[in-house]
Every structure is written in structure tokens, then in C-alpha cells.
Amino acid sequence: MRIFKSWRYPASWKFFRLDDRLLLMLMAVIVGLCSGLAALALNRSLIAMFNWLHKYHHIWWAFVLPGIGAALSSLFLEKVVVEGAGHGVPEVIYSVSRYGGLLRFRSSYSRLISSCLTIGSGGSAGPEAPVVMSGAAIGSNIAKYFSLNDRQRVTLVGCGAAGAISSIFNAPIAGMVFSIEVILGEWKSVNIVPIAIAAVAGTEISRILQGNQIVFSHLQFNIDLLDIFACLGLAILTAVASIVLTRMLRSMYGISHKISAPIWVRAAVGGCAVGIIGLFLPVVLGEGYHAVQAMIGGTFSQGLALVAIATLAKVVATALTLGWGGSGGIFAPCLVIGSLAGLTYHHCLILLWPSISWVNEGCFALLGMAGLISGMLQAPLTGIFLIVEITGGYEVILPLIIVSAISTSLCHYIEPASFYLKELVERGHLLRPGTDARVLSDLNVREIIEEDCITVKQNMLLRDFINIIKISPRNYFPVEDEKTNNFLGIIHLDDIRAYLFNPDMYDAVVLGQIMDTKVDVVHPDDDLSEVLRKMDAHQLFSMPVVSNNKFLGLISKATILDQYRKELVVQTSQ
Amino acid sequence: MEAQLFHIFRNNPFGRETLLQSIYFCKKMGASPVVYIPKFTKFLMYFENDVVQIDLDSSYLSSPDTAISHATELLEEGGLSVRFFEPKHYTATTLPDIHTNFDYMACPRSISDLSTKIGLGYIGPKVRRIVNSARFPVLITSPVYKEWDRIAVFFGGSANAVNALKLGFRISRETGLPLDVFTYVGKVSLESYEQVIKDENLKKEMDYFVNKWHIFEKGIFEENLYEVPHTALVILGAYGHGLIKNFVFGSKMEKIQSTISNNLLIVGPNYVATS
């Protein structure tokens, strides 16, 4: 019976009390397997749905299929699971930043179903972000179920994301790097080991059930110095494509929200528009991995104009799908747009310098994918490792690094926050561990309020007040109303020094006459960052905390600094 | 620091009854109400180890133009200062976060369903999640405004029941109202309940605060509940029994909430007693 009672509290097991890391490793295996299975479930569902709908794609009315899928997806999210649209990755990062990785249980399946409806019906989106959301929610809820602490929960959220990405791409390093670089934002061994284990578990479950296959196999590339120089131009092109895609996604979102129609109607309109584009350019439909494979394999036999148009069309289709209420992520569209951009660039090179023997077009497609992923996510390592693993193309590692690094830098210069983080940064909600904003967000006024002040009444004589000064360790004296005890103002010793040395005033002055009534006050629910801003702006060292007109205590810069230091030590320690 | 009661305002007659009940509770306890007028039909409450999404029914958003004035009017009539809660953080653009650093929270029996569907004996799943996760006691209000002039604590010997008893002592001390304790002995001997009191060092408080300890040794539990004064604030612990304690309220709790229409102050397993 005791075993049954304690099984939900593994941290109390003697075995794990030796080392918390052992507990996290065990949990990482469980989370990695579960998130890997979730990713596979979505992958299989997409294949099944694609096969089922494939026979309708040549019919003229097939353009409504993406619209129906997006509308159903939107209805499912809005009415059934009552969640907002979107891919969910910012929500995971937000939860990790602010609430120790707490995520709703429903998030572990909601995006899987909604993105399956959107992508399976032909919407231009990817399944990766939904599986990240799902994996992260699985990790969070397993941590919650076993009553793990915040730190351990955050690690398991990272494990879930890593397991999902590793499983869907058969790419353990990319999963691990994505989770640490994008989701957690901190490289610490306490995170890295469990996340690596989860990535291995996710990959293994994928290999067991689907076989160990490279996602995009390709020919041998012989890259010379000229090709590497040419990569500089490709990096710029992919950076531009990343910026265009980011801005178009946001502008489509803005336009769709100006229309006062139900969200499922907007999603249907966006989906139908994608369907119409897809009638002429089928490459824009769905996740588009078949087209990527063809481009990397060198069998995508379209001319420059068509490839360039397809690149733009895919950007527009992705913006229409996701901006108008469809569900899915940007990973797969980035791979398609990146490879199309790479192909366009290769065609341009041949057109400009036909006599030079450039490397195979598949190589540029592959580099374009890395450039776009790195640019959109502003996560160069994820871009590099993902492309190396999903293509097995280690021979392109040098140009890959160049393209990823330049694309990330250019995008960061134009758009300081990545696609995933932009909204969080704008709302001031990106709180990475160890940063000023994060430390301040983990403290609150109630924690650091000092309640040892002596309050005085407004009708008190200066003579009586001097006796209070003698016993008070503080220089601030809040003044309250005699009848209601409401806060009226404050007396600071520096402000009344002149009266103190003039005995004639002792029985002539009451505190109500000399108190400062124009005082900036703090409410117990105010953010400390806001309090500090007020203190800096008015050169204050202490401020009274007042609620419902009642004085509660003082808050001082010295105490804030003291608590800040302690919190920083906690956050940055292993 | 003054205690705060969190209240989600529903701008209709049913919501008025609930707010009146909260106001009455605040006046008795010297707490200040923090009223939230929702702008979206959902919000998140982040507890220490759980996140609960509250999906409100559409009646919470009805007549937004009069919601503030109606709530203000009731609060001012009650002689309380008006403070509305404005969410500062959003998990998604239409999904505000509500912090959980309150001392009490008032809930109708269900906050996710239309008031017309709510009857005695039904406590909604979201209210149950809140009770299960909250560090504060949850005031489940009676269907109509009802003043209380005494306190009744159900004491079943569990850890949560001990917390409920301690809360009863505190409320009795702060309000000066008489406190009655009710225990259904069942298969366990009365001595074991007395032993719990002794082990928890509550003998002194029992003697000081408790007006009468009602012991039910015979009869059906529900029938014995007739003894509970209809003007009592009933305090009890939830989720306190057995292996599945985190999933169900507890059989006694279910019977109490489905039998009596008093205001209930429920203490969950994560409740942290404050002085």
C-alpha cells in the first residue's frame, strides 16, 4: 500500500534521493518515448489523410479542400478544445519563461488534431511546431503528475520538444539543439543530459516503428571554393525570404483579424485561397516534403521563372494558411521555401555564369533550407544540425555554417526577434533565465515589503514626533489619518531637518503641516520592474506601499537589490 | 497585509447574488474584494503545480457597458473600496493569466456553465480543479444571497479536515461568530477523532472556540445534515481520502454539497494555512 501511495512522488524514492539527475534521466526516457509516439501519430495521420484525399486533388473543386480542412481545424480549436489558433511554440516558451513550464493537458493533443486537419487537407503548414507543442505539454503534464519541481518540469518540457523533433525528423542532435537553443534558451548540463536522452528515446521509437531512414537522401556533392563564395549570395537571398515570410505572416494575421467574421470562416477563406494557388502550383500544398526531396535529388525539372514564382507562391500560401486561422508550424514551409530559393539562386548562377561548373542544384536547395530555418528561427545551430541530419550531407557542413550564420545575422539585424519570439518580446514576456527581466519577474512587492515602519498621525506635535525619531531605525515616517487610518503622506527626515533644530517649532507644528502629500506610491500587485522605473525616474530610494488607502510598508532599493542578488544566484546556479 | 478575495463578476441577477455573497464575506472577514470583469470567455490560472483553464459561459460577457457600474454600485453599497483586476500577462492574445496570490476565491457552483443549468448537487469540474490546486480556500456561494451568523466545520479526521478546523478557528476569531463542529463517526471510534485533535495540539483551541461538537453516531449521513444550521458558513476539507484523493472530492464532501444550500468554504489539499 505504501508503494502505491508513494509512486506518484518518485523524488522521495531512496534511489533518486541520491541524485536528482537520475530521476530526470528516467523521466526523460518516458517523455521522449511519449512525445516521439505523438509525433509519429501525427506523421502517420498526415500520410493517411493525404492518401485519402489524393484522388480528389485533380478535380476542379479540390481548391475547397484546404478551406474545409482549415475551417474544421479552427472549429476544433475554438469550440471543442477551446484553445487559440497558432502553432503554440511561443506559448511553450512563455510558459517556460514565466510559469515553470506549466502547460495544459489538452495541449498535448489539440494541435496534433488541428494541424492534421489543416495540413492533411492541403494547407501550407508544417507538423513540427504542433508536435513540439504536444511533446512539451506531455513533458509538462508528466512532471505535474509526478509532482516534480519547476526546474525539473522545465527540463521535461525541453525533453518533450526534443523527443518530438527527433522523432519526426529522425534527427536526435537537431531535436536536442532546437530544444535548448529555441525553447529553453540556456545551455546547462543539468538540462542537456536529460534532453539528449529524450532525443535518443524519440529517435529510437521512430526508427523502431518507421525504420532508420534519412528524410531527404541526395547525391554526392563536390563543393569547391567558388561554390562556397556563391553561398554568400544565397545567404542574403534566404535572409530576405525569411524577412518577407515573417512580415507576410504578420500582415495576413492583421488583415484577417480586421474582418468581422467567425474565425472558422476566415480560416476557410484562407484555405480556399491556398487551394486556388494549389490548382496552378501544386508544390504549395501540404507540408511539401515530396517537392523538397525532388529538389535535393536534382529531379525538380522546372525553369527559373516557374521556380521563382513557386517560391513567392509558397510564401503567400503559408501566410494565407497560418495568418488566416489554419493550424500548423513554419518548419516545413521553411524547408520548401528555402529549397525553392536555393534552386532559384542556382538557376540564376547558371544564367549569369553558364561556363562555370557549379555544384549540383540539390546542394543549393539544401543550403537554402538551412538559410531559411536559421533566418526564421534565428537559431543557427538548429538550422545547421537539422539539415545535416535530415539530408545526411556532412560534406556541405562548411557552406551550411556560412549560410546559416549570415542568414541569422542579417535577419537579426532587420528583425531583432525571431518569428517565435517576436510576439513575446513585443509584449515584454520573453524572460530568459538569468536575465534582469526574469529575475525581477520572479520577485514581487509582497515578498520584499518592509513592515517595520512607525506610522504617525497628522495631528501629532513635532515634539512628540522627535521622541519617535529617537527610537526609529528609519528615516521615513508614513502619516495616517487619525480616524480612518488612511494613508495621507510621508515625512522624510531630510525634509524636516530645519524644524528639528528649532525648539520654538516643537509645540507649534503638527505633522500634517510638514508631511509630503505628493508621494509616488506602490501597490502590492505592481511589477518590480515598474517600481524600479519609478524610483529611477524620480530619484527615490524608498517608496510607500499602499493598498485601499492603507499604508502597508515600505519598499526600498537596497532590499530589492538584496533579494535580486539572492534570486540571481538561485537562477544561475546548477 | 490585508486579505484579498478574488471574484469573477457575472453581470446578471445570478452574478449579483454571488457578488453580494462575496461582499458579505469580505465585510465579515475584513478582506478586500478584487473583482475581475472578464473580457474573454477563457482565462488561465497558474497554480504552483497546475494550470487551470477556465472556460466561462457567454453570460459572463453580457452587457459589458454596465458591468463595471453594476459591480461598483454593489461594492460601494457594501461600504467596500472598489478594485478591479486587470490582467497584466497573456498566454495568448485572447487568453489572460490570472495570478493566484489571493487569500480567498469566490465561485458559484459552476463557473463554466449557464446558471440555468446549475443545481444543488452539482459542482463544476473547473471549480473542482481550482479547489484541488489552490493554496487558498474557495468560497462556494449559496444560489441566492444569504447571510450567515455562525460557523460550522465538518471534521472527519483527515489532514484536510484539520486544516478546515484551523480555518474555522481563524474565522471564528476574526468574526466573533460561534463555531460548531460536526463529525460523522461512522466505522471509526470517537476516540480516534479526539486523538487527532490531541496530536495536532488543537485541544486548547477546541475548548476555546467550539460552541458544540456534534457527533453523529447513528443514522444516515445526509439525514443528519438537517442539524446544520441553515445560517451557517460551512467549512470543510476536500480531496482528503484514499489513494484517489486527488481525483474526487471525497464521498462526504459530495453528500454535503448536494444536500445543503449553505455557503461553503472549501479547503483543498494544497491549502496553506495563514495566520
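Guide: Happy to! Let us begin with strand β2 (residues 476-480) of chain A, which pairs with β3(A) in the antiparallel sense over five bridges. Strands here are DSSP runs of E with at least two residues, helices are runs of H or I with at least four, and both are numbered from the N terminus; two strands pair if DSSP finds at least two bridges between them. This is a predicted model, where local features need pLDDT of at least 70 and side-chain atom pairs count only at pLDDT 80 or more, while totals for chains, interfaces and linings use all residues. Residues are numbered from 1 along each chain as its sequence is written, with chains lettered from A and ligands numbered from 1 in the order in which they are written.

For one bridge in detail, look at Val479(A), whose partner in β3(A) is Gly489(A). Both strands belong to an open sheet of three, ordered β1-β2-β3 (chain A), with mixed pairing. β1 (456-457) and β3 (487-492) of chain A are the edges: each has a single partner strand, so one side of each lacks a neighbour in the sheet.

Elsewhere in chain A, helix α13 (residues 289-296) holds Met295(A). Met295(A) counts as buried because it has 31 C-beta neighbours inside 10 Å; the cut-off for buried is 20 or more other C-beta atoms within 10 Å, with C-beta atoms placed from the backbone. Between Met295(A) and Gly362(A) there are 5.6 Å in space, C-alpha to C-alpha, although they are 67 residues apart in sequence.

Note on methods
Buried ≥ 20, exposed ≤ 12 C-beta atoms within 10 Å, placed from the backbone.
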